[in-house]
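I opened this entry to get my bearings in a structure I had not looked at before. My notes follow in the order in which I looked things up.

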Amino acid sequence: MRLIDADKIDFGKIFVGNADLAKAIRDTAQEYIDAQPTAYDVDKVRAQLKERLCSAEDEASDIECHARNRHFRDAIGVVRAGIKV
């Protein structure tokens with residue numbers, strides 16, 4: 001599996017032409033790509049990481065909580081930065 005930026009696909013360059021068939025192929029290809037599930041949803045990953053942050057009600061010690069939160073905040077920063085290609 002690999003991740004692609006589907007928004008950058010220009011179907012007009014791939015399926016050239018003004019004929020009805022070319023337009024139908026462009027539309028079908030776009031619909032097919034749009035129907036695929038997102039393999040990596042940055043916002044969902046960040047939300048899940050934030051849920052794991054310690055709070056004052058947690059039973060972990062202050063030192064454990066601070067270290068845990070630091071690691072999760074680092075992970076959130078990595079997710080936010082994304083993949084640089």
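I then looked up where Asn69 sits, and it is found in helix 4. For its contacts I left aside the neighbours within four places in sequence; Asn69 then touches Leu53 and Cys54.

Before going further I checked what kind of model this is. I am reading a predicted model. The mean pLDDT of the protein is 80, and 87% of its residues reach 70 or more. Helix 1 (residues 11-14) has the lowest mean pLDDT among them, at 80. Helix 2 (residues 20-34) has the highest, at 89. I keep one caution in mind: where pLDDT is low, the predicted coordinates should not be read in detail.

Next I wrote down the overall make-up. I found four helices and zero strands. Along the sequence the pattern reads α-α-α-α. The protein has 85 residues, and buried ones make up 13% of them.

I then asked how helix 3 and helix 4 are placed: at what angle do their axes cross? The axes of helix 3 (residues 42-51) and helix 4 (residues 62-81) cross at roughly 175° and come within 10 Å. Angles over 145 degrees count as roughly antiparallel, so helix 3 is roughly antiparallel to helix 4.

I listed the residues where these two helices meet. From helix 3 they are Val42, Val45, Arg46, Leu49 and Lys50. From helix 4 they are Phe72, Ala75, Ile76, Val79 and Arg80. I sorted the residues of this contact by type and got seven nonpolar, three charged and no polar.

Val42 is found in helix 3. Is Val42 buried, partly exposed or exposed? Its relative accessibility is 27%, so Val42 counts as partly exposed. Val42 and Val79 are 37 residues apart in sequence, and their C-alpha atoms are 6.5 Å apart in space.

Among contacts between residues at least 6 apart in sequence, 42% join residues at least 24 apart.

Terms used
Residues numbered from 1 in each chain as written. Predicted model: local features only at pLDDT ≥ 70, side-chain atom pairs only at ≥ 80, totals over all residues. Heavy atoms only, no water. Axes fitted to C-alpha atoms, helices over the stretch in contact; angles between N-to-C directions. Parallel < 35°, antiparallel > 145°, perpendicular 65-115°, else oblique. Contact = heavy atoms within 4.5 Å. Nonpolar A, V, L, I, M, F, W, Y, C, P; charged D, E, K, R; others polar. pLDDT = per-residue confidence, 0-100. Buried < 20%, exposed > 50% of the residue type's maximum accessible area, 1.4 Å probe, protein only.
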